[in-house]
Every structure is written in C-alpha cells, then in structure tokens.
Amino acid sequence: MQKNLNNLYLKSFIRCKRKAWLDYQGNKLNKIWTPHQSIEIINRYKNFYKLSDGDLYSGTKACVKGSSGVIGLKARSKVININAEIQPQLLKKVGGFSKWGEYKYIPVVYKLGHRTTKEHLFDLGFCSILLEPFQESKIEKGLVISNFSNQLNIQKIDLNQQLRKKVLNTFLKLNECLKKSIPDITEDRKKCTICSWQKFCDKEAKDNGNLTDIDGIGSKTALSLQKNGILNIKELAATKKIDLGEKLFQFNEQKFEKASKFINQSNSYLSGIPIRIFENENLSYLLKNKDSGFFIFDIESNPDEKHDFLYGFLKVNNLFENIEDDLYDPILNLKNNTKKSNKEIIQKLFSKKSWPVLHYGETEKIAILNLARLIDLDVKEIENLKSRFIDLHLIVRGSWILPIRNYSLKTVANWMGFKWKQKNVSGSKALYWWIQYKSTLNDLFLKKIIKYNRDDCLATLHIAKWLIKKHENIN
Ligand code: SF4
C-alpha cells in the first residue's frame with residue numbers, strides 16, 4: 001500500500017531531494033542514528049512543555065479536552081488528489097472557534113539553530129493546510145520557537161496565501177520525485193553531516209569520485225568545474241594547474257593557488273599518499289619546543305547555551321612519554337561560568353608558565369582567553385598566555401595535504417592511526433550525553449564524556465607526534 005505524503009517528507013525534500021526519496025522508500029538498514037536528531041527531539045519536547053505551561057498532552061483526545069499544547073496528532077486528507085497526512089510537531093491552543101469549542105489550534109515548530117529556514121516555514125504552511133479542515137477553523141499564524149541561554153524565543157509566522165501556494169507547488173514536486181529513481185547526492189555536502197543517510201551516501205560519493213569529496217570544493221565550485229567538463233576526482237587530478245586556474249576565475253588572484261591545492265588534494269585522495277606542502281611557521285614553533293613539557297587541551301561545550309561544561313587537560317613532561325591516567329585532568333564546569341573553575345583552569349596553565357598549549361581548532365584558545373579576561377588577568381599575562389597556544393589544525397592544513405575528505409580532529413587523527421576507545425563518538429554525541437546528564441543527573445553520562453574528552457586530548461597529542469616524526473624523517 002502506498003504511504004501518505006506528509007510534512008516530514010516535505011521537510012526532507014526541501015533539505016535534499018534524495019533524503020526525501022530515501023526516507024520514503026530507502027532501505028532503513030542503511031540509516032544511522034545521529035545525536036543531532038536526538039538532541040533536537042529532547043530539546044523540542046522540553047521547550048514544548050515550557051510553551052504549554054506543562055499542559056501538554058497527546059493526540060485528538062487532547063484537542064477535544066482543550067489542552068494548551070498537543071503533540072503526536074495525525075490528520076489525513078487529500079491534497080490536490082494526493083493522499084496526505086500531517087504530524088505537526090506541536091499544536092498550541094489559542095483563542096477562536098473550532099469544532100471542539102471556543103478555542104482553536106495553531107501549528108508550532110522548534111528550531112535548533114538561530115536561522116528560520118524554508119523547512120520551518122513550509123512545515124507550518126503544510127500543517128495549516130490540513131489542520132484547517134480537521135479542526136474546522138482558519139489558521140492565520142504559526143510559531144517558530146527556539147531557546148538560547150534558557151530564554152524561550154517565539155517568532156510569529158504569517159501563513160498567507162503566497163506561502164501556501166509555494167508549499168503546494170513543492171508538494172507536487174515531491175510527489176513527482178518519489179515516483180522516479182533515486183535522486184543524485186546533493187552538491188551541498190554540508191547538509192550531509194547531520195543526515196541519517198550519510199554513511200550510505202558517502203560510500204556512493206566515494207565510488208563515483210564526487211568532486212565535493214575534495215576538501216574546499218563546495219556546491220558552487222563543483223558546478224563550475226562540471227560546466228567546464230571536469231566531472232569527477234580522477235579528471236580533476238589529471239588537469240594541468242594552468243588550465244584549472246583559468247577555470248577557477250571566481251577565486252580571483254588566488255585561482256592558481258586553489259588549482260594547485262585541488263589537484264594535489266585529488267592526487268592524494270586517489271593514491272592514499274600524503275603530500276608535504278610548506279614549512280609552516282606554527283610547525284617551527286612546535287619543533288623548537290618539542291623537548292619541553294606540554295599542556296594538551298580540549299573543551300566540550302553546549303553552543304546553544306554558550307556553556308563549556310568540560311575542560312580537559314593532559315599535562316606531559318615530554319611529548320613521547322607514556323601516558324598514565326594521572327596525566328589527564330578533567331575540570332568540570334557543571335554550572336555555567338563559575339569563577340571557581342575559571343580560576344582553577346588559569347592556575348593550572350600558569351603552573352608551568354613556559355609550557356606551550358597544544359589544541360586543535362581555534363575554539364579552545366578563544367575560550368581560555370575569555371576566561372582569563374573574566375577573572376581580570378593582567379593584560380601582559382594574557383598576551384603571554386596567548387603566545388603559548390599552538391593550533392595543530394593550522395599546522396596540519398598549512399604543511400600537509402592528506403588523503404582525507406576533511407581536516408576535522410576525528411578524520412585527521414583516525415587517518416594517522418588513532419582510535420577512540422568508545423565507538424562512533426563525536427562532539428555532538430558528547431553534547432547528547434551532557435543533555436542526558438542534565439535531565440537524569442546520572443554520573444554514567446559524565447564518565448562517558450570524560451572518557452571521550454581524554455581521547456580527544458590523546459588524539460591531539462597523536463597528531464603532534466605524527467607531525468614531529470614526519471618532519472624528522474624528511475629532514
Ligand atoms: S547524506 Fe546528504 S545526499 Fe545523502 S540523503 Fe542525506 S543530505 Fe542527501
């Protein structure tokens with residue numbers, strides 16, 4: 001039996017046509033669990049509960065009863081002769097008249113980030129089209145809600161005819177798309193990072209040699225290369241730098257530099273062999289200090305609440321010494337911005353004033369310098385602290401081209417042979433554990449986060465050792 005088309009498929013279709021197709025008829029065994037989705041569901045429920053003042057119930061019965069918030073409702077109808085269904089995230093009771101009495105419901109969606117997107121608007125628009133006949137009442141407005149730093153934000157959306165017309169057009173396109181064969185992988189691969197079909201699509205992209213598998217090539221560059229007859233990574237690798245540079249005019253004076261980078265990256269990706277490019281200034285600083293002691297530092301945070309909940313330090317007298325458990329020190333910041341943990345962190349870093357601080361990516365440095373300012377550290381001392389940071393991400397990118405798709409800590413350290421003790425972990429999974437901890441206060445989640453963060457520190461150390469060893473082997 002054919003499934004009804006619903007607002008969830010419509011949302012997926014706006015994001016990526018292929019995702020809608022896979023959600024509708026793909027093999028569910030190829031789907032993976034993503035922490036991002038779970039975080040969204042948990043946060044969504046918490047905020048819906050807040051918006052409904054706790055009067056949040058499920059299904060049609062809740063509508064009849066007149067609950068302030070209703071989740072889990074399904075309503076079916078034909079839309080342009082197509083069997084359709086809505087599963088609104090939340091219905092909020094407002095003043096008016098409906099078949100249930102002197103009130104009616106409007107649709108509400110939750111957004112995780114700051115931006116209200118077409119997905120949110122179309123979800124509201126589509127739900128209102130089916131909800132109106134269902135409750136026998138017009139709907140003029142919908143709500144997009146979000147929560148930052150514990151503050152509930154409510155945005156009113158006008159569900160006008162123009163929006164509804166666009167929604168119906170897209171709904172027809174969705175219907176057509178689902179009748180055809182599976183659509184191509186999206187050119188905008190950034191969308192794939194939080195998608196549950198990522199593994200399935202990654203494999204196909206690799207087999208096809210998709211241009212967007214090359215670091216730095218986004219949808220626009222891929223499209224312009226395709227227009228110029230370069231269809232896959234093999235063809236890109238075989239292009240001459242001068243010819244490619246001319247085709248990359250959108251990068252202006254950087255076009256030949258970009259051409260060289262893309263060709264090298266393609267060659268490395270195909271051969272599996274890393275390519276040494278420049279002697280990076282930050283690498284020289286690392287090499288000059290290689291016999292010193294080091295702090296290795298990594299943070300876990302909740303960006304929506306601007307809360308760094310764990311500062312993990314590894315303190316090593318020598319980069320190549322055996323790492324015992326007591327060398328790792330996790331400083332938890334369970335309540336945001338407590339002066340006690342801020343001081344503890346700065347004191348720790350000043351316990352060895354000359355030691356460099358290794359980290360991967362700019363977040364860590366920014367966070368520590370903010371802490372230093374918060375506790376009113378002397379300007380000179382802040383400058384001194386600033387000069388001790390060594391960003392390994394900058395060194396890797398500046399001195400090597402590696403046979404990988406991106407230069408995140410996970411991808412780089414994994415490629416260099418580092419293995420995380422817990423399977424399928426990521427920053428979002430740590431955030432998911434943190435959210436679980438906050439609602440259950442079960443220490444098990446904190447232990448998982450700490451174990452993960454320790455591995456992140458060790459992975460950073462692993463990269464530093466790899467860079468030094470490679471440099472010594474070459475010179
Ligand atoms: S992984 Fe990417 S291409 Fe595949 S369905 Fe998801 S968003 Fe689309």
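**Labels and their grounds**

Modeller: Glu-136 is found in the loop between helix H5 (118–135) and strand S8 (141–148). Keep in mind that this is a predicted model.

Biologist: What makes Glu-136 exposed?

Modeller: The count of other C-beta atoms within 10 Å of Glu-136 is 11. A residue is called exposed at 12 or fewer, so Glu-136 is exposed.

Biologist: What is there to say about the phi of Glu-136?

Modeller: Glu-136 is not a glycine, yet its phi is positive, at about 55 degrees. Asp-376 also has a positive phi of about 55 degrees, although it is not a glycine.

Biologist: Where is Asp-376, and why is it called exposed?

Modeller: Asp-376 sits in the loop between helix H14 (363–374) and helix H15 (379–386). It has 8 C-beta neighbours inside 10 Å. With the limit for exposed at 12 or fewer, Asp-376 therefore counts as exposed.

Biologist: Why are H5 and H6 called roughly perpendicular?

Modeller: The axes of H5 and H6 cross at roughly 90 degrees and come within 9 Å. Angles of 65 to 115 degrees count as roughly perpendicular, so H5 and H6 get that label.

Biologist: Which residues make the contact between H5 and H6?

Modeller: H5 contributes Leu-121, Phe-122, Gly-125, Phe-126 and Ile-129, while H6 contributes Leu-163, Arg-164, Val-167, Thr-170 and Phe-171. By class, the contact has 7 nonpolar, 2 polar and 1 charged residues. Gly is classed as polar, and Gly-125 is part of the contact.

Biologist: Which residues of helix H2 are buried?

Modeller: In H2 (residues 17–25), the buried residues are Arg-18, Lys-19, Ala-20, Trp-21, Leu-22 and Asp-23. The cut-off for buried is 20 or more other C-beta atoms within 10 Å. Helix H1 (7–15) and helix H6 (161–179) are what the buried residues of H2 pack against.

Biologist: Which domains does the assignment give?

Modeller: The domain assignment lists domain 1 (5–179), domain 2 (209–273) and domain 3 (281–474). The C-alpha centres of domain 2 and domain 3 are 33 Å apart.

Biologist: How do you know that domain 2 and domain 3 are in contact?

Modeller: Contact requires C-beta atoms within 7 Å. Between these domains, 9 residues of domain 2 are in contact with 6 residues of domain 3. The side of domain 2 that touches domain 3 has 2 nonpolar, 5 polar and 2 charged residues.

Key:
Residues are numbered from 1 along each chain as its sequence is written. This is a predicted model: local features need pLDDT of at least 70, side-chain atom pairs count only at pLDDT 80 or more; totals for chains, interfaces and linings use all residues. Helices (H or I, at least four residues) and strands (E, at least two) are DSSP runs, numbered from the N terminus. Domain bounds come from an automatic or database domain assignment. Two residues are in contact if their C-beta atoms, placed from the backbone, lie within 7 Å. Axes are lines fitted to C-alpha atoms, for helices over the stretch in contact, and angles run from 0 to 180 degrees between N-to-C directions. Angles under 35 degrees count as roughly parallel, over 145 as roughly antiparallel, 65 to 115 as roughly perpendicular and the rest as oblique.
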